Each structure stands twice: as structure tokens, then as C-alpha cells.
Amino acid sequence: MPKRVIFLLKVVVHLACLAPFVWLLHLYQNGSLGLLPDPVNFITHFTGDWALWTLLACLAITPVRRLHTSLGFLIRFRRMVGLYAFFYATLHLLTYILLFSGYDIPTALAGVQSGHLSEVWTQFKLVWPRMWDDIQKRRFIQVGFAAWVILLLLAATSPSAIMRAMGGKNWQRLHWSIYLAAWLGVTHFWWMVKPGVMSPLRVTIVLDVLLLARLSYWAMKKIRARRNLAA
Amino acid sequence: MLFRKEPDIRSSEITPEGAFKKHSQDRRQFLASAAALGAGAFAATGFAGMLNPATKVFADTQKLQTVSSQYNVTETQTPEAKATAYNNYYEFGTDKSAPARNAHTLQTRPWTVQVDGMVAKPLTLDVDSIMKYRPLESRVYRHRCVEAWSMVIPWDGYSLSEFIKFCNPLPSAKYVQFITDLNKKQMPDLPFGFSFPYSEGLRLDEAMNPLALLTFGCYGNVLPNQNGAPIRIVTPWKYGFKNGKAIVKFHFTDKQPHTLWNDMAPDEYGFYANVNPTVDHPRWSQAHERRIDSSPFPKTIPTLPFNGYADQVAGIYNGMNLKKFY
């Protein structure tokens, strides 16, 4: 595939991945976010949903490109999409820290404007006990946070230089933990909703299909290898 | 006696058929345009339906005659548009914006309410006659959801105790159970996995507390369907899920009635459900709440014991361990 086309496609993928975030900014800008009864709840679900969907899109690239040899170029977008999953997961975490905890944003901002940068930290210390309580007590927060830590590690080791420094094998092993992150993310969703609420079902099915595709590919490869050996 | 077979005003006179049809038509048009907007703006995700909260889903409303009440809080009221666009009513979908979109399919007239169980005489009553039994008071109450958000809502109704006295329960009755309407035709998207009909209940002494409100309206208007039309319960010192909506039956009993959420997850939803900042929900702390008012972003404020109504209700629970009986 010509370089120019790849470049254009990359722009398209960036725009597609940024679209939800831009949409959120747009809703904030035109005031409709503020008109929602509970914007905090909306932002939390919005960023959480998109963290999961971008993560699943990233996991979909490998099975899709195996469908046909001409789809091999798709691999060039995998890291990008994975980094967007980290981006949305981080927004999701920030929503929790800044908006859910009761963090006093106006006071922190006023502090920054008058030159007291420490106010940001002072305000955080005020809400930290509540967050610490959550981290200790609530398993859906624990698995969600664990998923974010994994994505952080993967994002931090994503530059090619670091990949080379780590060695391909090690890097590969570490990056397999994306499956764990996806699984923890989906578990986080199930543990968060009320019993009987089925909203996490869609992501669960997609994740299962993607994992199953890998499993069957792997099994087929095994069978083929054995046949080749026998021949 | 007020509750005779023939109500003073028949339902057909309350809402002229033409007005009702026009009403439905307006609603349909609104919903169609909202859906088109949504599809264009954001086809894949289904978020778009949530984004018109300021638009009133119900184009016209019916004003209620109300008298003032001593039970008012002075905090900033939640705008009507928000209180009617955001609530839990799982018969019309599990999303909090779903009831406002879907509940228009519920036909609230004619509507009969059954009174049965341990009563002197079982009754079947027309909702309009129940509504006219006592003057409707406008009461501004705090409303605290178990999900840690809260509102301040002016409800219109009269004390449940008045109605219970009318029902004439036997001395052996200890509880009153509220059963919500279940109509698969009018609730086409009933979510799977819930043991509907919705059931809630109160101990009789709780139900007799003057704060417990038999409710027919909010913001001076007849209740919108999503808020529990035509008749619901409001117990402001308890989490919102205690408040049965669209009630079709009052059942008096001497045993603690089963309740839907207690069946679903007994460790999360107790029978008493008193607002208590010291008893956490397993998934979040109840010490704080997001107060949905007119500000663009809800503020987090401390939650008060019994939602601020301790003076009026704490006595009911003397000697009870409220950590155990949550």
C-alpha cells in the first residue's frame, strides 16, 4: 500500500477515534451537557464506554486482518487505536477523580489563577480519603483501576525505541496483558451495574467473539502443523 | 362517603378525548423528531436520546388545584425538565433517560386501584375518586436516590395515612404493600430478568407518618407517566426505590412483603431503605450525594440521616439497629 494512502488512512483513524471526545467537548461547549440532569454520570458512562469500544476495536484488528492477505496493512493502526483506549480510560479515571469524588474544581482553579498551584493538590487531599475508601472496599473500582494500570504500562512501552530496548519477546509478553485489561474492563462494567441490568452484554459478546476468533485460529494452526508433519 | 361506585367526575370528562388525541400526536411528533435528530447526530451509540433534557417530552400538562403545606424544604428546586427527564422506572427501560422516552405508552385512564388483604372490606376504587378524597397539598421534598444523586421536588398529594384510614385495615395488619401496574402491551420493552410487577412496602407505622405522601402530581401538574402517573408513593426519608409508581394495588398484610429490589439483591436494597450516610451501598458510599439543581454541574453535598427528616421519623425506628435493618 502506498505511503500516501497509509498516511491518509491514519488521519481518518485518528479522526474516528477522536470523534467521541470532540462530540463530548461540543456538548460541553453548546451547553447541552449542562442541561443534562446528571452530566457527571453521563461523562463517566460516555468515557467508560468508549474506552471499552476502542479497546475492542484494537483487539479486532488482528482477527480481521487474518481474513484476507490484502488486509495486512491494518496492523499499522493497531497501536494507535490501543493508545486511544488508554486515552479514554484515562478520561474515565479523571472523571472519577475530579467529578465523582466531589473534588472542588472552582477552588482549585481559583488557586491556580492566583498563583497558588498547590491548591490543586490541597483539594485532592481533601477528597482522597473518600477515594481510598472506594479503592479498599469496592471490587468494581479495584478491577477497573487494575485495567487502567495495565493500559498505562502498555502505553508507556508503546514507542518503538522502548520496544527495541525491551526486546521483541519481552515486549510481546507484556502486551499480551491487553487481554487481561479487556477482561478486567468488562468485569468492571458488570460489577458496576445493578443486578438485572444488561447494558454490559454488548461489549461482553464482542470480546468473546474476538477471543474465540483467536482461539480457533490458534487451533487451526495447530491442526495444520500436525498435518504438515504427517505429510 | 366518597368512594362510591360512580366517581363524581368520570375520567372521560377529565381529559376530553380530542385533547388527549392531540396530546398523543404532539408526543409522537416530538419523539419522531428527537429520534431523527439522534440518528443523524450519533447513530451508533444511542446516547443521542439523552441529549434533549430541556425539551418537555409532554407538550401539555394538566394543572392541579393544590393547597400549601407545612412540609416544605427551602433548598433550590430541581428544574421540572430535569426531574421529569431522569429517573429509574425499569418497566420502561433500565436507562435513566428511558422512562421519559418510553412511558407515553402507558394509559393512565381509566385506572382502578384495588385495596385488599387484611382490610375490613376489600375495595376497587377509581383513581380520580382517590385523588379527590382530600385536598392536594404541594410539598417540596428532598428526593434521594440510592445511586447517590438527589433532587428537590414539589410533589402534589395528601398524606398516605388519610387513605390508609379510609381503607380501614384490620388491627392485625402490620404492613402495606404497593403493587405497580404490569401491562406488557403498554410496556413493550420490559427488561428481562426482573420479577415484575414492581412491589414495595412499608411497615404500617411508617406508612402512617404524615410525611408519607400519596402522590398524584408534581410541580403543580398531573404526574407525567415517567414519574409514576397516575398514583404513586413518596417517602422522602427513604431511598427513591421505596416509592411505588403507577400503583394498582394496596395490599395489607401481617408479614413483611417481598419487594422487587430486595429480591434482586438483598445485600444492596434493604426493606427499610432509610437514607443513612453511615451505611454504604456495596458499590459506593452513601455519605455524599450529587444534588441535581439548576447548576450545570451537580455539586456533591453531604447526605443527612433520614435525608434530613430525622426529627419527624427517627422515632419510628427507636431501638432498631439501622445497620442491620437498612
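Modeller: Let's start with a term: a residue is buried under 20% relative accessible area, exposed over 50%, and partly exposed in between (1.4 Å probe, protein chains only). Note that this is a predicted model, where local features need pLDDT of at least 70, side-chain atom pairs count only at pLDDT 80 or more, and totals for chains, interfaces and linings use all residues. Residues are numbered from 1 along each chain as its sequence is written, chains are lettered from A in the order in which they are written, and side-chain values use heavy atoms, leaving out hydrogens and water.

Colleague: So is B:Thr84 buried or exposed?

Modeller: B:Thr84 counts as buried because its relative accessible area is 11%. Contact means heavy atoms within 4.5 Å. Not counting residues up to four places away in sequence, B:Thr84 touches B:Ala100, B:Pro224, B:Gln226 and B:Asn227.

Colleague: And how do I read A:Val11?

Modeller: A:Val11 is partly exposed, because its relative accessibility is 35%.

Colleague: How is the size of an interface given?

Modeller: Often as the accessible area lost when the parts come together. Buried area is that loss for two parts, summed over both (1.4 Å probe). Between chain B and chain A, about 3,000 Å² is buried, and carbon and sulfur atoms give 65% of that. Chain B brings 37 residues to the contact and chain A brings 32 residues.

Colleague: How many salt bridges cross the interface of chain B and chain A?

Modeller: A salt bridge needs a side-chain nitrogen of Lys or Arg within 4 Å of a carboxyl oxygen of Asp or Glu. The rule finds four across this interface. B:Asp280 also forms a salt bridge with A:Arg138, with the closest N and O atoms 3.2 Å apart.
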